[in-house]
Amino acid sequence: MLGQEYSVTNHTLGQYHLEKLYSGMEQMGISCSPSEIEKLLIFYEMLIEKNKVMNLTAITEFDDVLEKHFLDSLSLVRNINLRQSLKVLDLGTGAGFPGIPLKIVFPELELVLVDSLNKRIQFLKEVIEKLGLSGITAVHGRAEELAIKAEYREKFDLCVSRAVANLSSLSEYCIPFVKIGGYFISYKSGEIEEEVKAAKKAIAVLGGKGVEVEKFTLAGTDISRSFVKIEKKKSTPNFYPRKAGTPSRDPIH
């Protein structure tokens, strides 16, 4: 592990106290190279700067970003082996979470970031270029439109989402992208039982099975989190996802 401070000498980022980040990563069994830490810090700087002119995140304090964005994004390593070549779609990525931290720390992943707001996608393209990341693209579009396209439908080993939506709606947005044998993993807060129960029919209709819920406390915090992991067992019927807006307004139940 590196020390408590890391000075990014090649950039005007100053010095940051990174004990919280190192401690959280250590608890999750993650080790980072200095260049990966540097990329995370550059991403932080770009996020805060762009946030002055467009709404990317309400979380801006350095330690809060470390915990609630970076460590939260990376906590996926608890649930699935990320040190392998996986094709991953991050749906509703927003400011790039969890996709950008996952790509920085687990460069083997092949990532597609999707968001319905083009301004966010343009920002993420700037981040990808600035950090020199390869094997990652940022795509502007809605899930309902992209999931019916041959190049996206059932093409991913894993679809992840931190988007705020009920699990029934998220399943309709995400499961169509997942290949048979792959997984949809939803980042959720601690209390999830009722939401999972309400989503069981939707998950089955969409081709998912074997819902697993992992509850945990975010590394170095008292924040309760959950992962909902759904395996794709059969092809999603062509009828899904339904037209734009319908999955949110009228979830399968």
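What follows is a short walk through a predicted protein model, from confidence to cysteines, pocket, individual residues and backbone geometry.

Some ground rules come with the model: local features need pLDDT of at least 70, side-chain atom pairs count only at pLDDT 80 or more, and totals for chains, interfaces and linings use all residues. Residues are numbered from 1 along each chain as its sequence is written, and side-chain values use heavy atoms, with hydrogens and water left out.

Confidence is given as pLDDT (the predictor's confidence in each residue, from 0 to 100). The protein averages 92 on this scale, and 94% of its residues reach 70 or more.

On the cysteine side, searching the whole structure turns up zero disulfides, where a disulfide is a pair of cysteine sulfur atoms within 2.5 Å. For Cys 159, the closest cysteine sulfur belongs to Cys 174 and sits 3.7 Å away, so the pair is too far apart for a bond. Burial goes by relative accessible area: buried is under 20%, exposed is over 50%, and partly exposed is in between, with a 1.4 Å probe and protein chains only. Cys 159 comes out at 0%, so it counts as buried. Cys 32 is buried as well, at 17%.

Next comes the pocket search. It runs on a 1 Å grid over the protein atoms alone; a pocket is an open set of points where a 1.4 Å probe fits, with protein on both sides within 12 Å along at least five of seven lines, and lining residues have an atom within 4 Å of a point. Grid points are joined across faces, edges and corners, and the volume is the space filled by probe spheres set on the points. The largest pocket holds about 760 Å³ of space. Its lining has 32 residues, and those nearest the centre are Gly 92, Ser 161, Arg 162, Ala 163 and Val 164.

At least two lining residues each come from helix H3 (62–74), strand E4 (110–115), helix H6 (143–146), helix H7 (167–174) and strand E7 (178–189). Sorted by class, the lining is made up of 14 nonpolar, nine polar and nine charged residues. In this scheme Ala, Val, Leu, Ile, Met, Phe, Trp, Tyr, Cys and Pro are nonpolar, Asp, Glu, Lys and Arg are charged, and the others, Gly among them, are polar.

Glu 110 belongs to strand E4 and is partly exposed at 41% relative accessible area. Beyond four places in sequence, Glu 110 touches Leu 86, Lys 87, Val 88 and Gly 135. Glu 110 and Gly 135 are 25 residues apart in sequence, yet their C-alpha atoms are 5.0 Å apart.

The loop between H6 and strand E6 (156–161) contains Tyr 152, a buried residue with 14% relative accessible area. Its contacts, again leaving out residues up to four places away, are Val 112, Val 139, Leu 146 and Phe 177. Tyr 152 and Leu 89 are separated by 63 residues in sequence and by 9.2 Å between C-alpha atoms.

Glu 126, in helix H5 (residues 118–131), is partly exposed at 36%. Outside its sequence neighbours within four places, Glu 126 is in contact with Met 46 and Lys 50. In strand E9, Ser 224 is partly exposed too, at 43% relative accessibility.

Most residues other than glycine have a negative phi, and most peptide bonds are trans. Glu 154, which is not a glycine, has a positive phi of about 55°, and lies in the loop between H6 and E6. A cis peptide bond links Phe 97 to Pro 98, with omega about 10°; Pro 98 sits in the loop between strand E3 (87–91) and helix H4 (99–105). Another cis bond joins Tyr 240 and Pro 241, with omega about -5°, and Pro 241 is placed in the loop between strand E9 (224–232) and helix H9 (246–249).

Definitions and conventions
Helix = DSSP H or I, 4+ residues; strand = E, 2+ residues; numbered from the N terminus. Contact = heavy atoms within 4.5 Å.
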